[in-house]
Amino acid sequence: MKKTTLLLVLAGSILLSSCDVLNELASQFTSVANLANCEFNLKNVSNVTVAGVNVKNVTQGNLSATDVVKLVAAYQSKKVPLSMNLNVDVTNPTTTQAAMTALDWILAIDGTDMANGVNSNSYTIKPSATTTVPLGVNADLGDLFSSKSIEALKTFASSFSNEGISSKVGLRVRPSLSVGTTQVPFPEYITLEKKTGTASGTPTATTTR
């Protein structure tokens, strides 16, 4: 009798455990699938430097003699490092959470792809909430400006607004999600824009290969 009771308890425990596992898998699948409903926008850009010169010095007309020397030296050496921090907002407009396991990015300058990378951290985007994903970007603009004048380089540096946004800079991202042990990227890259109150950069509306 005791043996029978023990077997029943064990069987019940296994059944409950199986249900918990299935529920957890169902929850994960829903979170993963819901990523397709999220909206991606460029929140802001900060700490932008060109050849070690803060672009705010250029846009505000506060270039020092040292800044000019740095720009000229970089131009002459054909090595013009660009560094910036970009923050991408991922907004979940639904009533269930979404999950993202990586975010690939491509940086373009004047329509030319200059750098790429990936944020390989996992993020959970809660219902009706926004999660900010930081991207540290570094690129060498030497080849791009090697056939142009030093004034073109100065013009590029001065194109950044106070928010760090420049019409000459483009960013595309491609989120990835995990299905079991497999990392699955979105089929297309999403072209990001600065959020202006309208939903731009959604995977189903604004995409580019």
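In the predicted model described here, leucine 177 has valine 184, a residue of strand S10, as its bridge partner. The two strands concerned, S9 and S10 (residues 182–185), run antiparallel and are joined by 4 bridges. A further antiparallel pairing links S9 to strand S11 (residues 189–191) through 2 bridges, and within this pairing valine 173 has isoleucine 190 of S11 as its bridge partner. Strand S9 is also joined to S5, again in an antiparallel arrangement, by 8 bridges, and here serine 176 of S9 stands opposite alanine 102.

Arginine 172 is likewise located in strand S9. With a relative accessibility of 15%, arginine 172 is classed as buried, because the limit for a buried residue is set at under 20% relative accessible area.

At least two lining residues come from each of strand S1 (39–50), strand S3 (81–92) and strand S9 (169–179), and S9 gives the most, with 4 residues. When the lining of this pocket is divided by residue class, 10 residues are nonpolar, 4 are polar and 3 are charged.

Aspartate 110, although not a glycine, has a positive phi, with a value near 50°. This aspartate is placed in the loop that lies between strand S5 (102–109) and strand S6 (112–119). The relative accessible area of aspartate 110 is 40%, and the residue is therefore described as partly exposed. Serine 128, which is also not a glycine, has a positive phi of about 50°, and serine 128 is found in the loop between strand S7 (123–125) and strand S8 (129–140). With a relative accessible area of 62%, serine 128 counts as exposed, because that class begins over 50%.

Conventions
Residues numbered from 1 in each chain as written. Predicted model: local features only at pLDDT ≥ 70, side-chain atom pairs only at ≥ 80, totals over all residues. Heavy atoms only, no water. Buried < 20%, exposed > 50% of the residue type's maximum accessible area, 1.4 Å probe, protein only. Nonpolar A, V, L, I, M, F, W, Y, C, P; charged D, E, K, R; others polar. Pairing = 2+ DSSP bridges.
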